[in-house]
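Hi,

Here is the structure I promised to pass on. Have a look at it first, and my notes follow below.

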Amino acid sequence: MIFEEADLVIKDCKILPMNNAGIIPKGVIAVKGGKISYVGDSGNAQCIRAEKVLEGHRKVAMPGLVNCHTHLAMTLFRGLAEDMTMDQWLEETIWPLEAKLRPEDVYIGSLLGCLEMIKNGVTCFADMYFFESKVAEAVKKAGIRASLASGIIETVDWQTGDKSFDDAVYFAQKYEGWAEGRITTRLGPHTAYTCTEETLGKIREKASQAGIGIHIHLSELGTTPPYIARKSNLSEVELLENQGFLDDDVLAAHCIHLTTKDITILAKRGVKVAYNPVSNMKLAQGVSRVKELIDAGITVGLGTDGAASNNSLDMFETMKIAALLQKLHYRDPTILRAREVLRAATIKGAEALGLHNKIGTLEVGKRADIILVDLNRPNLVPLHDIYANLVYSARGCDVDSVIVDGKILMENREVKTLNEEEVIKKAENQALGLAGS
Ligand SMILES: [Zn+2]
């Protein structure tokens with residue numbers, strides 16, 4: 001194959017397309033107009049002219065990682081709510097802090113989160129928070145891709161259901177396709193118990209009528225906390241199912257405390273799951289039965305959750321812990337193999353966000369969301385099994401370059417779209433102000 005013109009060419013790299021094509025030991029990727037225009041063996045490709053060439057020797061090119069669940073601006077709370085019970089974490093620390101949040105805090109915290117994710121090879125994330133338009137502005141500036149939802153919550157007295165529902169609908173409609181199409185939007189009800197049945201009904205109706213997806217926390221808590229007036233003895237899944245809420249446009253974060261019946265319902269409705277192993281372990285909420293979810297045919301992506309319960313947005317760390325926790329839980333080391341984890345962090349994550357036709361694999365016609373991982377690192381040598389090296393040995397800091405929508409966001413670990421020093425300094429000041437005031 002000869003391609004005559006490209007905006008960007010990555011040459012002489014190992015390629016992990018994450019589709020059925022298998023590994024290309026020495027290949028080339030060409031990008032034109034933000035899309036992948038060629039991916040294949042170096043021997044067959046000859047580029048006539050490229051605006052920019054990235055050397056891929058001793059590097060692997062793979063799809064950028066997809067973080068399916070976070071609250072980005074919570075980077076400002078990193079280290080502020082440590083080693084607490086879930087009730088203490090929420091009621092004594094997080095909610096009082098969130099009540100003080102201003103739009104500018106969310107903007108700066110989101111820039112810090114974007115910077116951290118770019119440096120760790122995350123090219124797309126799903127977020128649910130307050131002042132979500134500020135998250136959108138940070139995404140636009142950073143050049144990353146995102147599925148954003150303005151949070152809807154009724155339990156906390158500083159937000160009212162109607163207002164947060166109206167704000168969420170307004171946000172979803174205004175920002176869909178924003179930032180040159182890199183932003184897609186969802187409606188973000190906090191949980192089945194922190195929104196009224198009436199509001200959940202309105203959310204489902206709006207989602208179906210306008211074709212907007214939903215992002216919700218589901219079955220995260222083992223016991224009902226005191227601030228929640230429990231509506232019935234039904235499980236959260238059964239409650240939502242009875243309301244006709246569950247459908248294939250729902251992205252459900254956590255899904256820990258599920259009955260076998262719940263799993264059957266989620267599979268039947270085509271609900272997508274975001275598995276957040278680090279946050280679930282840190283808040284000691286339990287283990288999502290990911291093997292059974294996958295066996296039931298449910299799409300499972302990976303998430304970090306917010307930095308207040310993780311405390312990092314490193315998806316390489318999340319991949320490793322995702323696998324280890326499942327192996328330990330089932331007392332079976334063959335469960336959730338490295339390649340399957342890598343699929344969860346790429347194409348399955350894209351599927352969970354409804355973006356699998358656009359991103360998640362390296363294929364001609366897809367948007368060029370590509371990361372290069374430096375294989376010439378002591379922790380990645382020797383290279384007997386690239387899937388195992390990437391999942392069990394790599395760290396986010398092994399990512400060398402990051403491309404989103406064909407644009408280079410980081411090259412040789414230097415971020416091009418954000419002033420790293422400035423973002424870190426501003427975020428630190430903002431966080432200290434929030435913690436102190
Ligand atoms: Zn969450």
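Which strands does helix H5 (residues 197–210) lie across? Helix H5 lies across E8, E9 and E10, and runs at about 155° to E9. Axes are lines fitted to C-alpha atoms, for helices over the stretch in contact, and angles run from 0 to 180 degrees between N-to-C directions.

Two things to know before you go on. This is a predicted model, where local features need pLDDT of at least 70, side-chain atom pairs count only at pLDDT 80 or more, and totals for chains, interfaces and linings use all residues. Residues are numbered from 1 along each chain as its sequence is written.

Now the overall picture. The chain has 14 helices and 17 strands. Its radius of gyration (over C-alpha atoms) is 21 Å, close to the 22 Å that the globule rule gives for 437 residues, so the chain is as compact as a globular protein of that length. That rule is 2.2 Å times the number of residues to the power 0.38. Of the 437 residues, 52% count as buried, meaning that 20 or more other C-beta atoms lie within 10 Å of a residue's own; 12 or fewer makes it exposed, anything in between partly exposed, with C-beta atoms placed from the backbone.

Back to the strands. An open sheet of 8 strands runs in the order E6-E7-E8-E9-E10-E11-E12-E13, with parallel pairing (two strands pair if DSSP finds at least two bridges between them). Strand E6 (65–70) and strand E13 (300–302) stand at the edges with a single partner strand each, so one side of each has no neighbour in the sheet. From one strand to the next, the twist averages 25°. Strands E9 (residues 183–189) and E10 (residues 213–218) are joined by 2 bridges, and arginine 186 has glycine 213 in E10 as its bridge partner. Helix H3 (residues 132–142) lies across strand E7 (122–129), strand E8 (145–152) and E9, at about 170° to E8.

Glutamate 51 counts as exposed because it has 11 C-beta neighbours inside 10 Å. Leaving out residues up to four places away in sequence, glutamate 51 touches Asp7 and Leu8, a contact being C-beta atoms, placed from the backbone, within 7 Å.

Cheers

Conventions: Helices (H or I, at least four residues) and strands (E, at least two) are DSSP runs, numbered from the N terminus. Two residues are in contact if their C-beta atoms, placed from the backbone, lie within 7 Å.
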